[in-house]
Amino acid sequence: MRNRQQLSRRTLLSGVLGSAAAALLAACSGAASTPAASTAPGAAPTQANPFGSAAPTATKPAASAVASSSTAPSSNANAATSPSAGPITATGKMTYWGGLIFSDDANNMLSQAVKDWGKQNKIEIDVVMINQNETNTKVAAAVESNTMPDALDMGLDLMLLLSNTGKLTALDDLYQKIGTAQGGWLKGTEDATDPKKFGGSRNGIPFGVSGNLLFSRKDVLQQAGIAVPKTWEELSTAAEKVTKPPLYGMGLALSNVGDGNLQVSVLQSYGGRIASDDGKTCTLKSPETKTYLEWVTSAYKRGLFPPGATTWDGAGDNNAYLAGQAVFIANTGSVAITAQANKDTDLVNNTGYSSLPSGPKMKISSFGPNVRAIPKSGKNIEPAKALIEHLANPDFLNKYYKVAIYGPVLQNQLKFDAFNEPIRAGLADLAQNGTAPGYPDVSNTAYADFNNNYIVPKMIQRVVIDNYDLDRAIDEAQKAGEAIYAKYK
Amino acid sequence: MTAPVTQASGRRRYLTMAHREALGGYLMVLPVCLVLLGLVAYPFIYAIVISFTSRVVGDPGVFVGFRNYQFLFNWVSFNRALTNTVTLVVVTDILKFCIGLGLALLLNEKIKAQGLFRSFILLPWAMPAFVSYLTWRLLFLPIGGGINLLLNSFGLNVGVIDWLGQRSTAMPAVIIATVWRGFPFWAISFLAALQNVPPEQYEAAKVDGAGTWQRFRYITLPSIRHVIIVVTLLSSIWTANSFESIWIMTQGGPSDATMVLPVLAFFGLQSQRLGEAAAVSVAIVPALAILVFIVAALLQRED
């Protein structure tokens with residue numbers, strides 16, 4: 001009898017606990033793996049804030065249709081020079097993730113432009129500005145939790161990763177429309193976003209080119225009687241002449257951050273390659289790589305890099321230059337904007353801008369267009385297209401480029417007065433004459449993974465921090481590169 | 001008339017009063033069990049499952065067995081990260097224990113402005129972690145950093161020491177910052193435990209001729225042993241999983257001198273390779289599990 005009673009209780013409790021656990025697991029599993037929510041008309045808006053706050057309610061319940069037909073690409077190409085006319089309806093509150101840059105003015109202008117567009121169209125829209133160094137991780141979390149925004153800014157690497165998994169909406173029509181209306185896309189931008197690399201379609205609308213320029217202290221160089229270096233060898237020679245601690249010649253990051261990967265371009269300009277021509281096999285180990293490594297580590301050992309360059313964060317070179325500790329830095333332009341904001345007229349006037357130096361084999365001055373993209377999971381694809389089209393408006397962009405740190409992407413933008421100013425003229429030059437992302441290597445997911453693991457900066461650190469000999473450091477980096485490329489075969 | 005009898009006999013057969021009370025108890029703890037399942041068990045098991053797949057962001061991937069783990073164990077950075085994580089946990093725990101216990105003993109004495117000191121000691125722990133580590137990063141800067149300025153102002157003429165940029169000093173610098181941030185938790189926990197030690201025990205020991213060290217060894221330590229074990233466990237888990245300290249101060253560098261498992265997992269996440277990132281995170285679980293079992297055994301032995 002007692003046994004029977006125990007069984008009864010156990011059975012009951014196990015049943016309750018088991019069912020509850022199963023229900024919970026099923027619910028959680030569903031939440032994690034359910035594909036993008038349907039955009040079926042009339043579906044309740046469930047769009048959530050990317051940071052997990054409560055989902056807003058629909059502001060326009062009547063607008064059950066996904067989008068207004070008026071936002072469809074117009075046959076009139078010039079329409080892309082101004083926002084599409086006609087009503088635009090959205091399902092629930094829209095969310096836009098803008099890329100945060102070092103210019104507060106630019107960030108505010110972008111944010112305001114998006115909000116104004118929302119007001120004009122009576123659409124409630126949240127603008128979340130995200131540090132571009134964190135976009136990848138934020139997007140990873142958002143994709144997994146199905147909380148992607150309606151539109152967002154991103155770099156090419158992320159567009160590549162998301163295109164490979166079919167997460168982005170094809171925007172060929174919008175790309176064509178904007179390009180036609182504004183004199184056509186610049187060739188470099190067009191090539192960099194070639195559909196062949198991104199699953200067969202244009203998955204992002206370029207809005208600005210980023211890339212490094214060489215910033216140099218004109219006053220220091222003039223005092224030493226040195227011209228702006230044209231090659232990396234000349235740069236290290238010049239750096240040696242002007243290094244007088246606490247002023248150091250080579251303000252280049254050698255740390256595990258994005259800036260550290262500038263060294264990949266330098267390595268390539270020495271003839272080194274990350275991978276084979278088909279982009280499938282790591283070929284880092286080569287005599288050219290050794291020549292490059294010898295050059296950079298020798299410069300480090302001669303004390304030409306500021307102390308701390310091996311652990312700098314993303315603002316390390318900016319801080320060193322602004323503090324008067326570096327003569328040369330490679331920077332996208334953020335330093336100049338900060339110097340202007342700080343009213344450091346001495347530094348602003350004494351800074352020269354030029355393209356990155358050449359190596360013994362070639363000149364690599366890599367640039368990458370930043371794009372605005374629309375996740376497929378969004379419920380407001382057509383309104384998001386209208387928003388992106390609105391942000392491509394030349395009037396807005398001319399003002400925006402004056403405070404932002406981007407080069408042009410369209411032919412007509414070359415005429416903007418924003419690009420008469422020295423830094424932005426340098427960026428415009430880069431947009432026209434720079435080398436394609438990854439060149440001469442293939443910019444694929446393996447290449448992006450290689451860079452995300454900072455293999456080249458780490459190879460340098462092995463020599464200058466751990467006293468590895470050059471061959472051992474290259475062997476280790478080659479092995480790490482092989483392991484990465486092997487994952488994508 | 002017969003129905004109630006049948007019901008009553010049915011109840012008697014299956015659920016006695018004791019059983020019903022027990023059932024009520026189980027039902028009361030059910031919500032907690034569900035929350036634990038949802039917030040702890042599910043993510044934990046899910047992470048283990050993902051670590052055996054080729055999952056990337058947006059693609060569930062396929063089952064790849066131990067391939068992610070094979071990749072990790074052949075990865076130089078992983079082995080270094082494992083060693084560094086263990087070093088960081090062990091060294092910081094020892095230092096936090098010594099500092100925390102020392103301060104707790106001091107604050108347990110009748111001193112002036114006792115309350116003020118007790119509040120003051122909590123400051124490092126109350127401060128947001130990123131502010132603490134950013135401050136320490138600035139202090140350790142080679143040029144213009146507070147530590148170098150201080151040493152030079154004392155006439156030591158150390159020049160420019162790149163504290164975070166050298167293998168020999170990077171990990172000690174991170175350890176100092178981690179200990180500074182974490183010792184208040186130990187001190188306050190120990191202080192709370194010390195206040196529960198009956199003073200009669202010390203008086204009796206004194207009467208028996210026990211010296212200071214003997215009173216500490218045979219009364220204080222055994223009395224707060226329970227708290228020491230729990231605090232050590234919690235602090236070890238927090239330190240092993242801490243990300244911001246390393247990320248803000250060194251990003252795992254220079255070279256891999258301060259690379260720890262959470263930072264390595266973050267690199268995996270940056271590449272959108274969730275399977276690998278999960279494998280890195282799961283790899284530390286056995287070590288933490290052993291620690292938990294040891295602590296549980298110690299606590300049980302005490303009980």
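Before counting anything, I reminded myself that two strands pair if DSSP finds at least two bridges between them. I also noted that this is a predicted model.

**Entry 1: the four-stranded sheet**

I started with E6(A) and looked up its link to strand E7 (residues 326–331) of chain A: 2 bridges join them, and the strands run parallel. Within this pair, I found Tyr248(A) opposite Ala326(A) of E7(A). Then I traced the sheet around them, an open one of 4 strands in chain A with the order E6-E7-E5-E8 and mixed pairing. Which strands stand at the edges? They are strand E6 (248–250) and strand E8 (351–354) of chain A; each has a single partner strand, so one side of each is left without a neighbour in the sheet. I noted an average twist of 25° from one strand to the next.

**Entry 2: the five-stranded sheet**

Next I turned to the open sheet of 5 strands in chain A, whose order is E2-E1-E3-E9-E4, again with mixed pairing. I looked up its edge strands, E2 (125–131) and E4 (205–211) of chain A, and each pairs on one side only. Neighbouring strands here are turned by 20° against each other on average, direction ignored. How many bridges join E4(A) to strand E9 (residues 367–373) of chain A? I counted 6, and the two strands run antiparallel. In E9(A), Gly368(A) is the residue opposite Ser210(A). I also followed helix H4 (residues 156–164) of chain A, which lies across strand E3 (151–154) and E9 of chain A and runs at about 55° to E9(A).

**Entry 3: a helix pair in chain B**

I moved to helix H4 (residues 76–108) and helix H11 (residues 212–241) of chain B, which pack at an angle of about 140° with their axes 9 Å apart. That makes H4(B) oblique to H11(B), because only angles over 145 count as roughly antiparallel. I recorded their crossing as right-handed. On the H4(B) side, the meeting residues include Leu88(B), Val89(B) and Asp93(B), while H11(B) brings Thr232(B) and Ala240(B), among others. The contact divides into 3 nonpolar, 6 polar and 2 charged residues.

**Entry 4: where the chains meet**

Last, I looked up the interface: 39 residues of chain B are in contact with 41 residues of chain A. On the chain B side, helix H2 (17–51) and helix H13 (261–270) are the elements giving two or more residues. H2(B) gives the largest share, 9 residues. By class, I listed 23 nonpolar, 13 polar and 3 charged residues on this side of chain B.

How values were computed
Residues are numbered from 1 along each chain as its sequence is written. Chains are lettered from A and ligands numbered from 1 in the order in which they are written. This is a predicted model: local features need pLDDT of at least 70, side-chain atom pairs count only at pLDDT 80 or more; totals for chains, interfaces and linings use all residues. Axes are lines fitted to C-alpha atoms, for helices over the stretch in contact, and angles run from 0 to 180 degrees between N-to-C directions. Two residues are in contact if their C-beta atoms, placed from the backbone, lie within 7 Å. Ala, Val, Leu, Ile, Met, Phe, Trp, Tyr, Cys and Pro count as nonpolar, Asp, Glu, Lys and Arg as charged, and the others, Gly among them, as polar. Angles under 35 degrees count as roughly parallel, over 145 as roughly antiparallel, 65 to 115 as roughly perpendicular and the rest as oblique. A crossing is left-handed if the near helix is turned anticlockwise from the far one by less than a right angle, and right-handed if clockwise.
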